[in-house]
Amino acid sequence: MTPSTNSILILNNFVDNKAVASSAAEQTHIPVTSPHTGATIAQVPLSTVKDIDDAVRSAKAAFPGWSGLTFKARAAYLLSFYNLLQANINELSDLVVEEHGKTKAEALGDVNKGLETLEYALSLPQLAAGRTEWVSGGVQCRDDRVALGVVGGIVPFNFPFMVPFWTIPLALGMGNTYVLKPSEKVPLTMNRVAQLAATVLPPGVLNLVHGSAAAAVALVEHPDVQALTFVGTSEIAEKVHQRGTALGKRVLALGGAKNHLVALPDCNPEMTAQDVVNSFTGCAGERCMAASVLLIVGEQPELLSRIIAKAQALTPGSKANNMGPVIDESAIVRIESAIAHAQEKDGAQVLLDGRKSASFVAQRAEGGFWVGPTILQHSKSTDHAMHYEIFGPVLSILHCATPLEALAVENANLHGNAACIYTSSGASAEFFTQRFTAAMVGVNVGVPVPREPFSFGGIGRSRFGYGDITGDAAIEFFSYRRKITTKWSEPKEKSWMN
Ligand code: NAD
């Protein structure tokens with residue numbers, strides 16, 4: 001990192017294992033702000049088409065050597081990378097706290113979940129082995145998996161470590177070389193990862209270019225980028241998918257979410273209340289798997305009062321039992337406008353108002369982007385907040401007379417990331433899991449994130465493209481299958497015996 005004239009660090013890109021200054025002019029650097037205080041903690045360059053081109057060239061030059069290694073040899077490099085990241089887990093999670101605002105426990109979760117994908121990639125020598133079969137007399141078919149080339153990753157702000165690590169380990173393990181465009185809102189964690197990677201991976205295998213839309217678009221447009229993964233809002237995901245596929249690239253673009261939890265009358269009220277609150281307030285609601293709509297079947301006053309009490313008890317901060325800040329001022333505006341719209345335009349009742357929570361108001365007065373947990377009670381499923389991704393600590397509650405009514409509300413949701421059912425009946429759980437229109441479904445689990453080898457990914461407007469982004473689906477995404485059909489036996493009439 002280079003000190004700027006006013007001593008705020010300006011981040012460099014990483015190309016060929018070297019820190020290189022972006023070609024962006026100084027006025028095109030933007031501040032990275034601490035969500036805790038609002039203070040500027042670094043300057044991130046808005047890199048240019050040339051910077052992306054330099055990184056792609058480096059990745060392209062590294063590709064023959066890297067893809068030519070055995071799976072075992074690449075796994076050995078990834079094991080060194082894993083050990084180095086593990087050794088630096090405290091520093092990495094501190095960076096996540098500093099730039100994103102997660103609590104320390106959430107930040108450790110972010111890094112550890114990312115490292116799980118790297119652990120999985122260490123088994124690629126076993127997982128990616130090809131098949132062989134005699135398919136006819138003397139004729140054998142076999143297949144193996146071949147790397148695609150240079151791949152690009154464009155990532156969101158909400159998991160500074162985990163989301164980039166959904167794809168980096170498996171893309172590299174399969175033999176591809178990589179150009180990452182981190183989120184301009186949280187560039188410090190991946191910046192440190194690139195510094196560490198430069199000490200254990202061959203040059204050009206993992207490159208990093210900072211920036212925002214222009215750098216991301218340059219990656220999408222680059223003719224030498226064979227495949228792209230994108231994670232972010234649905235609107236941009238859809239555009240990246242459309243443009244990338246029009247250019248002939250393989251593209252998987254994950255978008256936003258609106259996740260529904262259904263609480264049946266036979267649910268355990270204490271467990272359900274704790275899970276619902278953890279789900280909608282965890283990471284200040286900035287998770288694509290966060291619960292944002294709770295459909296309560298019947299009245300269940302005990303469940304409702306427990307949810308309100310638990311959410312009300314949360315205080316601002318970064319320790320256990322705290323809720324962290326949201327990412328920036330624009331998030332505050334979006335969240336508070338959505339609450340105001342629900343109350344003033346749609347007539348929703350505000351059961352808990354995070355705009356007025358004394359401890360959060362006091363914290364915001366000292367600086368930073370703080371808004372307390374908010375619970376809205378709706379009378380109509382058509383309300384704006386029931387559909388719009390608020391992406392903050394806001395829960396919309398709707399009472400439904402019957403389980404089928406709750407199912408119909410969930411099914412009308414255009415997104416399809418997660419849905420959960422809370423019940424003590426196996427038959428009811430099975431009924432809902434078979435009918436939810438979401439790809440990641442939970443039973444008595446508020447954040448149903450699948451763990452390797454199971455793969456992560458939604459449907460509907462939560463996913464543009466085919467397949468999932470982690471697990472065995474990612475092995476498929478980051479390679480193509482080469483099929484080799486062989487015959488070595490001599491034709492009968494030419495056999496050496498006659
Ligand atoms: P965002 O869409 O604003 O930004 C994501 C990335 O896209 C950033 O790196 C940004 O620089 C880049 N970008 C901006 N303009 C672009 C353009 N025109 N073309 C290409 N790239 C562009 O998203 P965000 O606010 O950083 O992240 C929050 C969103 O991400 C939420 O909607 C959340 O649900 C979603 N998300 C989804 C998943 C999932 O698995 N489905 C996971 C995490 C986050």
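A cavity is taken here as a set of grid points where a 1.4 Å probe fits but cannot get out. In the present model, which is predicted, the count comes to two cavities of 30 Å³ or more.

The largest cavity has a volume of about 120 Å³. Its lining comprises 16 residues, and Gly 285, Ala 290, Ser 292, Glu 389 and Phe 391 are those that lie nearest the centre. Divided by class, this lining holds nine nonpolar, four polar and three charged residues. The second largest cavity has a volume of about 70 Å³. Lys 113, Glu 116, Thr 117, Met 162, Trp 166, Val 449, Pro 450, Glu 452, Phe 456 and Thr 470 line this second cavity. Two or more of these lining residues come from each of H4 and helix H6 (162-173), with H4 providing the largest share, three residues. The class composition of the second largest cavity is five nonpolar, two polar and three charged residues.

Helix H4 (104-121) also contributes at least two residues to the lining of the second largest pocket, as do helix H10 (269-281) and strand S17 (322-323). This pocket has a volume of about 400 Å³ and is lined by 21 residues, with Glu 106, Asn 278, Thr 281, Gly 282 and Asn 322 nearest its centre. Helix H10 gives the most to the lining, namely six residues. Seven nonpolar, nine polar and five charged residues make up the lining of the second largest pocket. Both domain 1 (2-254 + 462-483) and domain 2 (259-443) take part, each supplying at least three residues to the lining of this pocket.

Trp 66 counts as buried because its relative accessibility is 2%, under the limit of 20%. Tyr 77, in contrast, is partly exposed, with a relative accessible area of 31%. The rings of Phe 477 and Phe 478 lie with their centres 5.0 Å apart and their planes at 90°, and the pair is therefore edge-to-face. Phe 477 and Phe 478 are both buried.

The charged end of Arg 74 sits over the ring of Phe 71 at 4.9 Å from the ring centre, and that of Arg 435 sits over the ring of Phe 431 at 3.8 Å from the ring centre.

Ala 214, located in helix H8 (residues 213-221), counts as exposed because its relative accessibility is 54%. Between Ala 214 and Val 276 there are 62 residues in sequence and 38 Å in space, C-alpha to C-alpha. Thr 132, located in strand S7 (residues 131-136), likewise counts as exposed, at 53% relative accessibility. The C-alpha atoms of Thr 132 and Leu 414 are separated by 42 Å, and these residues are 282 residues apart along the chain.

Definitions and conventions
Residues are numbered from 1 along each chain as its sequence is written. This is a predicted model: local features need pLDDT of at least 70, side-chain atom pairs count only at pLDDT 80 or more; totals for chains, interfaces and linings use all residues. Side-chain values use heavy atoms; hydrogens and water are left out. Buried means under 20% relative accessible area, exposed over 50%, partly exposed in between (1.4 Å probe, protein chains only). Rings of Phe, Tyr and Trp (its six-membered ring) pair if their centres lie within 6.5 Å; planes under 30 degrees apart count as stacked, over 60 as edge-to-face and the rest as tilted. A charge sits over a ring if NZ of Lys or CZ of Arg is within 6 Å of the ring centre and within 35 degrees of the ring normal. On a 1 Å grid over the protein atoms alone, a cavity is a set of points where a 1.4 Å probe fits but cannot get out, and a pocket is an open set with protein on both sides within 12 Å along at least five of seven lines; lining residues have an atom within 4 Å of a point. Grid points are joined across faces, edges and corners, and a volume is the space filled by probe spheres set on the points. Helices (H or I, at least four residues) and strands (E, at least two) are DSSP runs, numbered from the N terminus. Ala, Val, Leu, Ile, Met, Phe, Trp, Tyr, Cys and Pro count as nonpolar, Asp, Glu, Lys and Arg as charged, and the others, Gly among them, as polar. Domain bounds come from an automatic or database domain assignment.
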